[in-house]
Amino acid sequence: MEGRSVQSSEQRRDALVERIFASCIGFMEILSIYVGDHLGFYRALADYAAGATASELADASATHERYTREWLEQQAVAGILEVESADTVPEERRYLLPEGHDEVLLERDSLYYVAPFAQLMVGLTRPLPAVLEAFKTGGGVPYPEYGKDMREGIAYGNRPMFVNLMGTEWLPAIPDVHERLQADPPALVADIGCGAGWSSISMARAYPKVRVDGFDLDEDSIAEAKANAEAEDLSDRVIFQVRDAADPELSGRYDLAIAIECIHDMGRPVEALRAMRSMVSDDGAVLVVDERVGEDFTAPSDEIERLMYGFSIVHCLPVGMAEQPSAGTGTVMRPATLRRYASEAGFSELEIVPIENDLWRFYRLVR
Ligand SMILES: C[S@@+](CC[C@H](N)C(=O)[O-])C[C@H]1O[C@@H](n2cnc3c(N)ncnc32)[C@H](O)[C@@H]1O
């Protein structure tokens, strides 16, 4: 009985009912944040210091008053917005975005900006019928089928960490890499599985001499990455290409090859790591940044494991299984799994870099 619950079956039943009910409320509030974000409600409300009525917000956001009023009432009931004079007629109530909540919902450079996770959650649901089918057949669901919400949710969910931490904490924590990126001749960096390019852009911003080549298999991500580099005025030093990480063509050119939150998504992670190994010069560095899951399977487990297994069953495993044969890694790539992949790819060692981060672990693969 060790580790098993000593609750009665009724207690377990009631606890699960309560938990599922609370999750339903959380799920609907995520959908409401998606609505508020996409229709520009939060952005518009930020301009009303004394709060806005439903008709003012509807005018400001080009939406229908009745729908907007229902959303405002829901947001106030959920405690996301505050309401002035709740006891007046519905049309006259004023709704405010409280200080603090504006940072979470609107400030895209803040480490507390989590509105994109609502978009990501919605993106996860898009190909659910195909995911169910994959469970039966053992096939997969290609990344592009998750669409724009998934792509943008990942890009803007991760972006605050890149713009705030890449050049101030993460790379400076690896002194030889930090020095090389500052030195002459200008260093060349390969960003594998770069998505919409914010990691590449952040490295180029932090190290004004370097050139970054970002590679991703997803055409829409690369198109967005190019547009982002252009808008940041960095397209001369940050170049994006649609390319499979497992493509062995680029050998010996790079001072740093980095793969952020993507090795676990790949059907052929060993081939990708082997390609990264061959990409870097003799004294070049290979870094993998991936989920900070536990060393071992434990159940029940903590929030990180719950989050990562949640992603895994509806997204990362199906994406990785879209390529066959597949390693079938899933989001929960434990250090031992990556150590095995690295060894099969020809690396002699896998070091864990001591960088604090709630979500990610930093690995250095030694040639
Ligand atoms: C979770 S996203 C992470 C994107 C980006 N690194 C970030 O942190 O925002 C995973 C990315 O890996 C890319 N990817 C998956 N398999 C790939 C492969 N074999 N070669 C290149 N990119 C790949 C996907 O297209 C996707 O953009």
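**View A: W170 is in contact with M161, F162, L165, I355, N357, W360 and F362, leaving aside its neighbours within four places in sequence.** Contact here means heavy atoms within 4.5 Å. The model is predicted, with local features requiring pLDDT of at least 70 and side-chain atom pairs counting only at pLDDT 80 or more, whereas totals for chains, interfaces and linings use all residues. Residues are numbered from 1 along each chain as its sequence is written, and side-chain values use heavy atoms, with hydrogens and water left out.

**View B: the largest nonpolar core has 38 residues, and W170, L171, L181 and L256 are those with the most contacts inside it.** A nonpolar core is a set of buried Ala, Val, Leu, Ile, Met, Phe, Trp, Tyr and Cys residues joined through side-chain atoms within 4.5 Å, where buried means under 20% relative accessible area, exposed means over 50%, and partly exposed lies in between (1.4 Å probe, protein chains only). Among the elements that each supply at least two residues of this core are α9 (175–182), α11 (219–231), β6 (254–260) and β7 (280–291), while the largest share, 7 residues, comes from α8. Helices (H or I, at least four residues) and strands (E, at least two) are DSSP runs numbered from the N terminus. A second, separate core of 29 residues includes I263, M266, A272 and Y341. In soluble globular proteins, nonpolar side chains tend to be buried together.

**View C: G193, D216, D244, A245 and I260 come nearest among the 18 residues around the ligand.** A backbone N or O atom of G193 lies 2.7 Å from a nitrogen atom of the ligand, a polar side-chain atom of D244 lies 3.0 Å from a nitrogen atom of the ligand, and a polar backbone atom of I260 is 2.9 Å from a ligand nitrogen atom. Taken alone the ligand exposes 590 Å², of which the protein buries 94%, with areas from the Shrake-Rupley method and a 1.4 Å probe. Helix α8 (residues 147–170) gives the most to the shell, with 3 residues.

**View D: H315 lies in helix α13 (residues 303–321).** With a relative accessible area of 2%, H315 is buried, and beyond its neighbours within four places in sequence it is in contact with L124, Y143, Y146 and M150. One of these, L124, is among the buried residues of α6, a helix (residues 115–125) that is mostly covered, since 8 of its 11 residues are buried. The buried residues of α6 pack against elements including α7 (128–137), α8 and α13.

**View E: T331 has its place in the loop between α13 and α14 (335–344).** T331 is buried, with a relative accessible area of 1%, and, not counting residues up to four places away in sequence, T331 touches H264, E291, M308, F311, S312 and C316.

**View F: A62 and D233 have a positive phi.** Phi is near 55° for A62, which is found in the loop between α3 (54–61) and α4 (65–77) and is exposed at 73% relative accessible area. D233, with a phi of about 60°, is found in the loop between α11 and β5 and counts as exposed at 66% relative accessibility.

How values were computed: A residue is near a molecule or strand if one of its heavy atoms lies within 4 Å of it. A polar contact is a pair of N or O atoms within 3.5 Å; within protein, one must be able to donate a hydrogen and the other to accept it, and residues adjacent in sequence count only if both atoms are side-chain atoms.
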